[in-house]
Amino acid sequence: MIRPFRCILLAIHFVIGSLLGMMYGVIRPFHPTNSRWSSQTFAFFGLPMIGIRTSVEGTEHFEHKKGDPARIMICNHQSNWDLFIVGSIVPPRTVSLGKKSLKWIPLFGQLYWLAGNVLIDRGNRKKAMEAMEITKNALTKKDTNIWFFAEGTRNHGKNMLPFKKGAFVTAINAGVPIVPVCCSSYLKGFSLNNAHNGTAHLRVLPEIPTKDLTLDDVDSLMAQCHELMSKVIAELDEKEVARKAKGDDKAAA
């Protein structure tokens, strides 16, 4: 039984990683690169601890040339382990949108805030609209990308839940492209008692422009992204099934 050992290591990692991230955040609070630094630090040590490897495709779609607009990244959300798995590929100058209650999580909440991420009070329409205006300003005036988990909550490794409108309304209002990020269903068979938990396959898709769209196009844009991402996630899941069938336990590139 390796679960207790892993839980101890993860707890230590969480505390040390959060403290280091907070120190970094205090030195340059709310800088848009803080979030990426923290995410990749958690991922670098966390992935081996939970026994998951990653295979990543399409990171060239994250490339940002001078003069290009900032972008909104949308990704499926499966579990808290996304901090390690999806966090491993966060591009520069990218912050995320999270619920206000996150800031009350000891250490991590304060790190999340100092890292420049946007906290939104979904139960307060006025506050939520103010937060959305902050994200628009970040996109259009501060050259900062915003990462959304478009489902709004965890799907626990099952089929993607319906998308919330926030990411799509923000993208259209700001006139910025959407970059879909797909992650395979890594929770299937996952257990902290397993020595190895397979490979999480990630694929970054080409950006989808929104410049000429209006708010009347929100539903069709949302449906387009959901259909596209569902198809790609199914392909990534098949890739992992094929890998396991071949008995390929070598580290993914």
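**Helix H6**

I started with helix H6, residues 166-174 of this predicted model. I looked up which of its residues are buried, and found Ala167, Phe168, Thr170, Ala171, Ile172 and Ala174. I then stepped just past the end of H6, where Gly175 takes a positive phi of about 70°.

**Salt bridges**

Next I turned to charged pairs, and I have seven salt bridges noted for the structure. I picked Glu57 to follow. Glu57 pairs with Arg203, with 3.3 Å between the closest N and O atoms. This pair links distant parts of the chain: Glu57 sits in strand E1 (residues 53-57) and Arg203 in strand E7 (residues 199-204), 146 residues apart.

Glu57 also meets Lys239 in a salt bridge, at 2.9 Å from N to O. Lys239 belongs to helix H7 (residues 218-245), so this pair ties strand E1 to a part of the chain 182 residues away in sequence.

A reminder to myself: an α-helix has 3.6 residues a turn, so residues three or four places apart point the same way. Both Arg243 and Glu240 are buried. Back at Glu57, I noted that shared partners join Glu57, Arg203, Glu235 and Lys239 into one salt-bridge network.

**Ser96**

Then I visited Ser96, which lies in strand E3 (residues 94-99). Ser96 is buried, with a relative accessible area of 13%. Which side chain does Ser96 join in a polar contact? I found Tyr112, at 2.6 Å. Leaving aside neighbours within four places in sequence, Ser96 is in contact with Tyr112, Asn117, Val118 and Trp147.

**Cysteines**

Last, I looked for disulfides and found zero. For Cys183, the nearest cysteine sulfur is that of Cys75, 6.2 Å away. Cys183 counts as buried, at 0% relative accessibility. Cys225 is in no disulfide either; its nearest cysteine sulfur belongs to Cys182, 9.7 Å away. Cys225 is buried too, at 0% relative accessibility.

Terms used
Residues are numbered from 1 along each chain as its sequence is written. This is a predicted model: local features need pLDDT of at least 70, side-chain atom pairs count only at pLDDT 80 or more; totals for chains, interfaces and linings use all residues. Side-chain values use heavy atoms; hydrogens and water are left out. A disulfide is a pair of cysteine sulfur atoms within 2.5 Å. Buried means under 20% relative accessible area, exposed over 50%, partly exposed in between (1.4 Å probe, protein chains only). Helices (H or I, at least four residues) and strands (E, at least two) are DSSP runs, numbered from the N terminus. A polar contact is a pair of N or O atoms within 3.5 Å; within protein, one must be able to donate a hydrogen and the other to accept it, and residues adjacent in sequence count only if both atoms are side-chain atoms. Contact means heavy atoms within 4.5 Å. A salt bridge is a side-chain nitrogen of Lys or Arg within 4 Å of a carboxyl oxygen of Asp or Glu.
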